[in-house]
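Dear colleague,

Please find the structure below. My notes on it follow.

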Amino acid sequence: MVPPSKRAAKPSDQSRRQDAPRSINLALQGGGSHGAFTWGVLDRLLEDGRVTFDGICGTSAGAMNAVLVAHGLMHGGSEGARASLANFWGRVGQMGAMLNPGAALLAGNPIANSGSDPILATQQWAIESFTRTFSPYQFNPLNVNPLRDLLAGCVDFDALHHCDHVKLFLCATNVRSGKVRIFDNAAMSVDAVMASACLPHLFHAVEIDGEHYWDGGYMGNPVLYPLFYQTATRDVVVVMVNQMWRDEVPTTSAGIEDRLNEISFNSSLMREMRAVEFVSRQLTEGWLKPEYAKRMRHILVHLIRADAFMGTLSAASKISTDTHFLASLRDLGRASAEQWLNAHHADLGRRSTVDLRREFLD
């Protein structure tokens, strides 16, 4: 018989709980090719294995990343999700090089040009000038969108209807009512993702069930409330690709337009964060009667971002599909997720790691 002092110690219930992966909800912003930063964040979280995803809400590029993760989880777990993301973003770079070989040769990697690139800026100016005169119903009457075909080839949308690995909530804007529409797993389709990413100056409004939709960023970038009501997880990790704060006031026409877009696409997130802070304050300061307090949840909020670097990128870089640029953003996302895991993984389930009042109210 092995003496008691020599027996292998059984892990305590507390240590087992600490070793078990912790469930989080994800909120993924849109931002064109800057969504490759989110790719990197997701890749590192999936590789680390210390967190699992309960729900994912996403808009535009964030919606694409969300369905890619869900598809991969269904067809190979965490490694399948990483492969799904890498396959899609790799093909985005290949498609961009085929559709616009001149830019691939001349523009190069925006990161190598201090975050901006004159070729991309000229392209953006040309696109904006053109779309002020002609609508997509005029210059693209057949509504050709190569990205739609690419996404349809990367994701089994029918299978997502029965996905029990993660709950999906994709945001789009109803053109006629101006209200937000949330597409969940049961309503998932390639059209739902395209609706969430539909910029009205470039693409036809996406029709689903007799209603027409534009980019979800106008009403939620992304929306958070489905995560509060339809998941059991309190921790919400927001992956931000849009700048909240700028040190300088823009003085050029392009700079003013870029900042207006940032403010408008962040406005809905700021409103929801204010609501979260208000409810949290009511609960922590005992403003509510017990019978009302028990009906509310204390949401714990976390942010993964890279403001110092992302703030150097011009808005024009959101249309860049340079493979080196996308890979650089992926690497930045991985590093940002690594830093967040090291600093805050132990805080999951215990406290928020962002001061909501300072970030979104004051």
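Which residue in β8 does Asp 235 stand opposite? Asp 235 stands opposite Leu 300 in β8. Before I go on, please note that this is a predicted model, in which local features need pLDDT of at least 70 and side-chain atom pairs count only at pLDDT 80 or more, while totals for chains, interfaces and linings use all residues. Residues are numbered from 1 along each chain as its sequence is written, and side-chain values use heavy atoms, with hydrogens and water left out.

I begin with the strands. Helices (H or I, at least four residues) and strands (E, at least two) are DSSP runs, numbered from the N terminus. Strand β7 covers residues 235–239, and five of its five residues are buried (under 20% relative accessible area; exposed is over 50% and partly exposed in between, with a 1.4 Å probe and protein chains only). Asp 235, Val 237 and Val 239 point one way from β7, whereas Val 236 and Val 238 point the other way. Strands pair if DSSP finds at least two bridges between them. Five bridges join β7 to β8 (residues 300–304), and the two run parallel. Strand β1 (residues 22–28) is also parallel to β7, with four bridges joining them; Leu 28 has Val 239 as its bridge partner in β7.

Next come the nonpolar cores, each a set of buried Ala, Val, Leu, Ile, Met, Phe, Trp, Tyr and Cys residues joined through side-chain atoms within 4.5 Å. The largest has 65 residues, of which Phe 53, Val 67 and Leu 151 touch the most other members. Helix α3 (residues 61–74) gives the most to this core, with eight residues. Apart from this core lies another, of 22 residues, among them Ala 27, Val 301, Val 354 and Phe 360. Leaving aside neighbours within four places in sequence, Val 67 is in contact (heavy atoms within 4.5 Å) with residues including Leu 151, Val 155 and Met 188.

Helix α8 (residues 146–154) has Leu 150, Leu 151 and Cys 154 buried. Seen down the axis of α8, the buried residues fall within an arc of 95° (taken from the directions from the helix axis to the C-beta atoms), so they line one face of the helix. Asp 149 and Gly 153, on the other side of α8, are exposed.

Finally, the structure holds zero disulfides (pairs of cysteine sulfur atoms within 2.5 Å). Cys 163 is buried at a relative accessible area of 10%, and Cys 198 is buried at 1%.

With kind regards
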